[in-house]
Every structure is written in C-alpha cells, then in structure tokens.
Amino acid sequence: MNEIIQAMKERRSIRKFKPDMPGKEDLEQIIEAGLYAASARGRQAVITIAVTNRELRDRISADNCKIGGWAEGFDPFYGAPAILIVAAEKDWANRVYDGSLVMGNMMLAAHALGLGSIWIHRAKEEFEMDWYKKLLTDLGIEGEWEGIGHCAVGYVDGEPPEAAKRKDGRVFWAE
C-alpha cells in the first residue's frame, strides 16, 4: 500500500503525551507540511503559531479548559508539550476549510515523523478574547484572525489506540 495512504489509515488522535519536547526540526517539518496544504484560490490565508514556551502553553491550556467547561486543572491538550495553533484571515469565506486542511496535513506529518497529535477545538473562542488579540499583536501579526484549531504534538506515552471500525454505507458511486 502507498505509504501516504498507509499513514492516513494508521494515524490516531493521541490523548496521553510524554513531557519531552519534540525537536525543533521535527516541528518545522510539521509546520511546513501545513504550509503546503491546499487552499481555496491559492490564497494561503492561514497562519500557524508554534507554542513551545511552557508558561504560554499552560496559559492557553487553562483558558481552553475554562471555555470547554472542565474542572480547573484539566489539560485539554493531554500533556502535549508543543501546540501548533492554526488561525485564518477572519474575512476569508474559506477560512475553516483551508485551516482544516492545514490541520490535517500537520497531523499526518507528525505521525510520519513518529510523533503523536490531536486536534483540539476552542481556538475560535480564544482568539475572540482580548488577551489573544494582544498575543497576535505582540508576535507581529496584523489583521483580524479566527482560530481554527490547536494541533497538540508530542511523543506518545503508551500505545496508540486502535482504529475504530469504519461504518458501512458511507460511499456511493454514480457511474
């Protein structure tokens, strides 16, 4: 079987990570894979914010936890040390689609490099908050941005979960 298709079939969402930070080269390759995702009309209206600073990562985790309604102290990133936040130009009609393709590419790239990943939501709500708008400004990012998702990345702690059985009746041929 083609190795890319095999990676698509094997990749799983990971919910337990080791605390060790992946190497910067690996993170750069994952981000680069996201940069090569398809984008509507070739606009490339999506950015990635690589969070490897532990204090900032923990702040984002705490805010994400509040937005999600979990008890204080729960880590919605499951211990992943690196968080790759995907955001898209707020006025771009295809922002969610384009950002989703970036997320998919990055999760497959992480798997291909022997790392685990999981897509965590609530980036939209975070980037509606003033603190996150200021974070963008502090990073030199101008304009209005909508958070699409967080790609939490790290080394898998334990065995990856088995794939769920695929549901029948989801393919229709019009020949």
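## A guided tour: strands, rings and a surface patch

Begin by selecting Ile-118, which stands opposite Ala-152 in strand 4. The model is predicted: local features require pLDDT of at least 70 and side-chain atom pairs count only at pLDDT 80 or more, whereas totals for chains, interfaces and linings use all residues. Residues are numbered from 1 along each chain as its sequence is written, and side-chain values use heavy atoms, with hydrogens and water left out.

Select residues 145-154, which form strand 4; strands (E, at least two residues) and helices (H or I, at least four) are DSSP runs, numbered from the N terminus. Strand 4 is mostly covered, as 10 of its 10 residues are buried. Buried denotes under 20% relative accessible area, exposed over 50%, and partly exposed in between (1.4 Å probe, protein chains only).

Strands are paired if DSSP finds at least two bridges between them.

**The aromatic cluster**

Now display Trp-70, Phe-74 and Tyr-78, which ring pairs link into a cluster. The structure holds four aromatic pairs. Rings of Phe, Tyr and Trp (its six-membered ring) pair if their centres lie within 6.5 Å; planes under 30 degrees apart count as stacked, over 60 as edge-to-face and the rest as tilted. Trp-70 and Phe-74 form a tilted pair, at 5.1 Å centre to centre and 40 degrees between the planes. The centres of Phe-74 and Tyr-78 are 6.1 Å apart and their planes stand at 90 degrees, so this pair is edge-to-face.

Colouring by relative accessible area shows Trp-70 as partly exposed at 36%, Phe-74 as partly exposed at 32% and Tyr-78 as partly exposed at 27%.

**A charge over a ring**

Select Arg-59 and Trp-131: the charged end of Arg-59 sits over the ring of Trp-131, 3.9 Å from its centre. The criterion is NZ of Lys or CZ of Arg within 6 Å of the ring centre and within 35 degrees of the ring normal.

**The nonpolar patch**

Finally, select Met-1, Ile-4, Ile-5 and Met-8, which make a nonpolar surface patch of about 440 Å². Patch residues have over 30% relative accessible area and no salt bridge; like charges are joined within 9 Å, and nonpolar side chains (Val, Leu, Ile, Met, Phe, Trp, Tyr) within 5 Å. A salt bridge is a side-chain nitrogen of Lys or Arg within 4 Å of a carboxyl oxygen of Asp or Glu. Ile-4 lies in helix 1 (residues 3-10) and is exposed, with a relative accessible area of 54%.

Terms used:
Accessible areas come from the Shrake-Rupley method with a 1.4 Å probe; for residues, only the protein chains shown count as cover.
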